[in-house]
Amino acid sequence: MQTFDVLILGGGPGGTSAARLLAKGGKKVALAEDTHWGGTCLNCGCIPTKLLLGAVAPAALLAAQQRLRVAKGEITVDYAALQTRVGRFTKGSSQALAKELTGLGVTLAEGRGVCVGTAEGLHRARVEGKDGVTELTAAQVILACGTSSAAFPGLTPDNDCVLDSTALLRIAAVPESLIIVGAGAIGLEMGDFFRAMGSKVTIVEAAPHIAPLEDADIAKEMLRALTKGGVVCLEGARAKELRTVDGQARLTLEDGREITAAKALVAVGRTPNTRGLGAESLGCALNRRGYVTVDAHLEAAPGVYAVGDVNGLTLLAHAAEHQAGYVARRILGGEPGAYAPGAVPSCVYGSTEIMRVGPTAGELLRAGRAVSVSQAPLTMNPIAQASGHTAGFVKVVWEGERPVGMAAVGGGVSHLVSVAGLLLAGEYTPEKLHSVMIAHPTLDEILPLALNAPRAVPQ
């Protein structure tokens, strides 16, 4: 049995970030991962999706210039070559990550980590790998085992015509038609890519509007862009059953309508990888959805932390990294205070994008807080004009005289997210904007315009 200062279960963004920082801080660290170093984000989530979208982005740029009647031509994406590139990039990146961690002195254990209890001040776990079982103990444990695609009765991928996002990313050929159940980031990004590749795409969302976590006005503009691009969006439509019938995906809605397509994607959320983890044996508790509950210091039990998707606080890779950094510094003797993430950034990528930092006006209104909003259209920005992507806007949410949230929809607006976050963190009111110089011409210039715009109380 090997003993470590810190044992980390899960080799995704949270686990690998914590391992890196702890090893550099002089801790003896073991990291267990059962699938692939880098986790879902690197191997079958954020990164491969962006590689796919990056390949079709030039076509959207050309189409915009064609609408302006200043260019013409055709861009054809070699799907097989693209899939080869994605595979090589993710495999190489995963291998490079493992090599980096090994070079820092981190012990990598390939296999599923299972917690088995605490004795004499040490937490115990076993790693069940292809070469057998390895017993490990550690003074402290970080649970970073992430989430997997969720499924519900009647909406379960069958790996035939009904797929989850991992299977769809690796599909051998572009389907003639595609049904997507769920219009969150995964559904919208996959829909945008396959639409660009020629699939007839139908997106079905049970919530009142697509992008249900976003501002309603932002979602309305995204709906307009998708519809204009030929995507059929059914909002407020509840799926009853989705299954393979006669070689096609058949979706039955609760109102009795049926939709068929060559393939279907189930993108109805994520579920924590805590089944069989044994976290309870270390004193942890799971909530009703299976996430590990944590306190204000991200501690789930004495000497046990949970970071990233598995704690259910924010299901984003950069949130996992941020939480992991806090926990690593806390273990190394820093960070005595509670974890404070600040305004969390998020993006939806594609030919039309969404970015958001902080809460929406609707979220604050539902919490009983008084807010106002200001906004500026992308038509006022020279870079948006240059690209031909002028549809969309930036929206700022205010509490009193303090900006607390920013969101945008339109072409390339994901590039605004970091500057927006910094402006919010610095509480850059119109009176303070003179202290920061924003280059001209850039897309970033639309942010101070939105901050300076007249405010209104949202209805």
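**Exercise 1.** Which residue in β14 is the bridge partner of Leu251?

*Solution.* The model is predicted: local features need pLDDT of at least 70, side-chain atom pairs count only at pLDDT 80 or more, and totals for chains, interfaces and linings use all residues. Residues are numbered from 1 along each chain as its sequence is written, and side-chain values use heavy atoms, without hydrogens and water.

Step 1. Strands are DSSP runs (E, at least two residues; helices are H or I, at least four), numbered from the N terminus. Two of them pair if DSSP finds at least two bridges between them.

Step 2. β13 (residues 248–253) and β14 run antiparallel and are joined by 4 bridges. Within β14, Ile259 is the partner of Leu251.

**Exercise 2.** Determine whether β9 is buried or exposed, and name its partner strands.

*Solution.* Step 1. Buried means under 20% relative accessible area, exposed over 50%, partly exposed in between (1.4 Å probe, protein chains only). In β9 (residues 177–181), 5 of the 5 residues are buried, so the strand is largely enclosed by the rest of the structure.

Step 1. Ser177, Ile179 and Val181 lie on one side, Leu178 and Ile180 on the other.

Step 2. β9 runs parallel to β10 (residues 200–205), with 5 bridges, and to β15 (residues 263–266), with 4 bridges. Leu178 stands opposite Val201 in β10 and has Lys263 as its bridge partner in β15.
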